[in-house]
Amino acid sequence: MIFSKSITEIAKSPTTIFALLGVLLLIFAILKIRKIKFTTQKITLIGISIALATVLQLITILKLPQGGSVTAGSMVPIVLISLFYGPEVGFLTGFLLGIINFVMNPFALHPVQVLFDYPLPFMAIGIVGYFKSRNTKGILLGVVLAMLARFSCHFISGVVFFGSYAPKGTSVYLYSLLYNGSYMSVETIVTCVIIGLLPIKRLSKLAIRDDLVNPL
């Protein structure tokens with residue numbers, strides 16, 4: 001009876017539900033990240049990817065008032081390292097980029113909002129690592145799915161925490177969909193175009209050629 005009542009109370013609170021979801025996603029990512037066998041080159045490329053992504057984020061094509069922007073392909077370095085080393089390294093690199101973003105441009109309304117606007121959406125880019133053995137079309141599909149996962153995080157944050165910004169009479173779901181979709185759709189296209197033009201297989205071979213050494 002008490003357990004059933006507790007479940008009912010949790011179900012009535014979207015913040016609690018998404019907090020549990022966020023924690024579960026973090027635990028999943030951490031379990032994956034623990035499997036990484038670090039080498040000097042791998043650590044170096046993670047650092048370079050984060051630095052490049054941070055710089056590219058500063059080059060904005062469009063910046064929205066409540067956060068979110070179209071950049072000069074800032075997700076490309078995270079996509080590349082995910083394709084080179086797999087999703088685990090992509091999750092780690094995205095997580096670190098999200099933390100750096102929060103340190104540089106903090107916008108905190110609630111701990112759960114921070115979780116869904118900073119570490120989780122950038123960790124989601126690591127999903128493309130599951131498509132690293134595919135051809136170009138398969139890789140681009142992975143990019144779209146990864147960016148869709150990132151969009152989902154921002155969408156959840158928008159619905160739960162930014163609903164007050166919605167125009168009067170507008171559904172918070174529609175508002176979050178249009179707001180986050182407006183920049184994420186363009187960001188996805190930019191990322192896909194750049195990835196489609198790059199010689200991924202050749203770059204991957206170069207990246208891992210000198211990485212076949214004993215882990216640190």
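Close-up 1. Leaving aside neighbours within four places in sequence, S157 is in contact (heavy atoms within 4.5 Å) with Q113, F116, D117 and F162. The place of S157 is in helix α8; helices are DSSP runs of H or I with at least four residues, numbered from the N terminus. S157 counts as buried because its relative accessibility is 1%, where buried means under 20% relative accessible area, exposed over 50% and partly exposed in between, with a 1.4 Å probe and protein chains only. The model shown here and in the following views is predicted: local features need pLDDT of at least 70, side-chain atom pairs count only at pLDDT 80 or more, and totals for chains, interfaces and linings use all residues. Residues are numbered from 1 along each chain as its sequence is written, and side-chain values use heavy atoms, with hydrogens and water left out.

Close-up 2. V114 lies in helix α6, which comprises residues 111-117. With a relative accessibility of 17%, V114 counts as buried. Apart from neighbours within four places in sequence, V114 is in contact with F102, F107, A108 and P119. The C-alpha atoms of V114 and I99 are separated by 9.7 Å, and these two residues are 15 residues apart along the chain.

**Close-up 3. The crossing of helices α4 and α9.** The axes of α4 (residues 76-85) and α9 (residues 172-197) come within 10 Å and cross at roughly 50°. Axes are lines fitted to C-alpha atoms, for helices over the stretch in contact, and angles run from 0 to 180 degrees between N-to-C directions. The two helices are therefore oblique to each other, a term for angles that are not under 35 degrees (roughly parallel), over 145 (roughly antiparallel) or 65 to 115 (roughly perpendicular). α4 passes α9 in a right-handed crossing, with the near helix turned clockwise from the far one by less than a right angle. V76, V79 and L80 of α4 make the contact with T191, I194 and I195 of α9. By class, this contact has 5 nonpolar, 1 polar and no charged residues. Ala, Val, Leu, Ile, Met, Phe, Trp, Tyr, Cys and Pro count as nonpolar, Asp, Glu, Lys and Arg as charged, and the others, Gly among them, as polar.

**Close-up 4. The two sides of helix α10.** In α10 (residues 200-209), the buried residues are I200, S204 and A207. Seen down the helix axis, they fall within an arc of 65°, so they line one face of α10; the arc is that of the directions from the helix axis to the C-beta atoms. These buried residues pack against α3 (40-58), α4, α8 (136-161) and α9. On the other side of α10, R202, K205 and R209 are exposed.
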